[in-house]
Amino acid sequence: MTANASARAIKPELLRTYTEDFNKDRANLIAADAAVSAGVLKAATDYRGVRALPRDFSIELKQGSITNQERSGRCWMFASLNTLRYELMHRWNLEDFEFSETYLFFWDAMEKSNTYLENVLRTLDEATDSRLFEAINESPADDGGWWQMFAALVNKYGLVPKSAYPESENSRNSDDFKQYLNSKLREFAAELRRRSAAGASEDELRALKDEYMGTVYRICAVALGEPPEKFDFFARPKDDDEDKKGEARKCKAEADADGKAESCKCGESCKCEGKSDAKACKCDKDKSDKPKTGKDERPQIREIGITPLEFYKKYVPVDVNDFVTLANAPLKNRPFNQRYRIRFSANVAEAGDMEFVNVPLDVFKKAALDQLTAGHPIWFACDCTQFALRKDGFFDQSVVRVDQLFGTEFTGDKAHGLEYGDSPSNHAMTFTGVNLSEDGKPNRWKVENSWGKDAGKDGYYVMSDAWFDRYVTELIIRKEYLDDATRALLTTEPVELDPWQPLTRRCR
């Protein structure tokens, strides 16, 4: 061993020092027993931190049943559809509803394949080991994505309910399907580059690409089944009778002792006597004059042969184009109050690349609070792995005390996590609540995840406000909840970023 090599090696005498120091400290031995037996996260769980994050919230939105992306990288799609189904359910008074994630998954695979081949044609002069081509070629049609990819798909293909295009084995567990689709796409890319080098014209290459897309369609249709062009839709608005009866009972209980007339929230006036023999409110009367049957008398929503675009435009009360991506990335090379565009980031070729506006944390958080307070959920992206109890449903550094377990502080801030790739966005979820302290400031956030009802508490997570500040990097905000200065940035010329730069990892 040369002297230089010896200097680079772990020295035996240092190893002896390390083990002596480790065994001198009783805390190390206790920590090792706990971690080896139970795993790092369980051993690092602080019960005091858990107790400091109760699961009640002063602002809370009523959402439908929890969804489950299972073994696929469709979190961005689930989070997007969860924001829209909330709006649809409350517009049409539905008890529950779920869109078909598989429908958009099919078209996303098609569009990403087409865009990948188009990007190959755009970069024929690039060497295969160039940084740009490696970024394009890394994962041609993988599962991950962002809100703007979702919006591009909805604009082009619309939406369908889950009943019209249910899950398949390859949407629930997508690895095998995507492995062979990506392999085929890379074969197509190599042939396009070979034909180009042999002198083929652009028209000839594009005609070949169109032929290749026929194979892509066949692969997607075999794996997922063909998507519907039209479908039937049936739903029943929920019965408000029980809600009205509850309001009537409350009205009756609150009536004064003199029998003063009260106004029920059900919209009817009733005379509540307020005594021990008080009669039921008018709106609480059982309609005994109408014979009872087992027939469901609720009104119906019924559509026969509706198209996905017609369904989206008729039943979804929000426009996916009215949302903006806000980022909070405190990086020197990403100045705040600037609009950015990421090259080669589109899934739908003609829709354009992903854009975001980078804003300071106070602007970022105020937009989130304003939107939730107004009664609308929020798509967001974060690093879901850092200081997270993913099984139990906590995001908080004071819950996951790996600093105490390992005897070392973790001092990296948000800028460090993004610059060094330690905590890029890798998962999208939905904010459906927030708790405000007495001074009106948030101290914890309610998170709807898409990992099924057995993850977290019935599918929901609680996030400390400190964790929000550190690890939440993107929010999808309706334009109406932007301040004037941020809204004005939407018309400025964007700064273009390369596809390998921070904030560009697709959420899965």
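1. The lining of the largest cavity divides into four nonpolar, three polar and two charged residues; Ala, Val, Leu, Ile, Met, Phe, Trp, Tyr, Cys and Pro count as nonpolar, Asp, Glu, Lys and Arg as charged, and the others, Gly among them, as polar. A cavity is a set of points on a 1 Å grid over the protein atoms alone where a 1.4 Å probe fits but cannot get out, and lining residues have an atom within 4 Å of a point. Among the lining residues are Thr83, Leu84, Phe323 and Arg478.

2. The model is predicted: local features need pLDDT of at least 70, side-chain atom pairs count only at pLDDT 80 or more, and totals for chains, interfaces and linings use all residues. Residues are numbered from 1 along each chain as its sequence is written, and side-chain values use heavy atoms, without hydrogens and water.

3. Side chains of opposite charge can pair when their charged atoms come close. The count comes to 35 salt bridges, each a side-chain nitrogen of Lys or Arg within 4 Å of a carboxyl oxygen of Asp or Glu.

4. Asp46 and Arg48 form a salt bridge, their closest N and O atoms being 3.2 Å apart. Asp46 is buried at 8% relative accessible area, whereas Arg48 is exposed at 53% (buried means under 20%, exposed over 50%, partly exposed in between, with a 1.4 Å probe and protein chains only).

5. Lys453 forms a salt bridge with Asp454, at 3.8 Å between the closest N and O atoms. Lys453 is exposed, with a relative accessible area of 56%, and Asp454 is exposed, with 57%.

Key: 1 Å grid on protein atoms, 1.4 Å probe; cavity = no way out; pocket = protein on both sides within 12 Å on 5 of 7 lines; lining within 4 Å.
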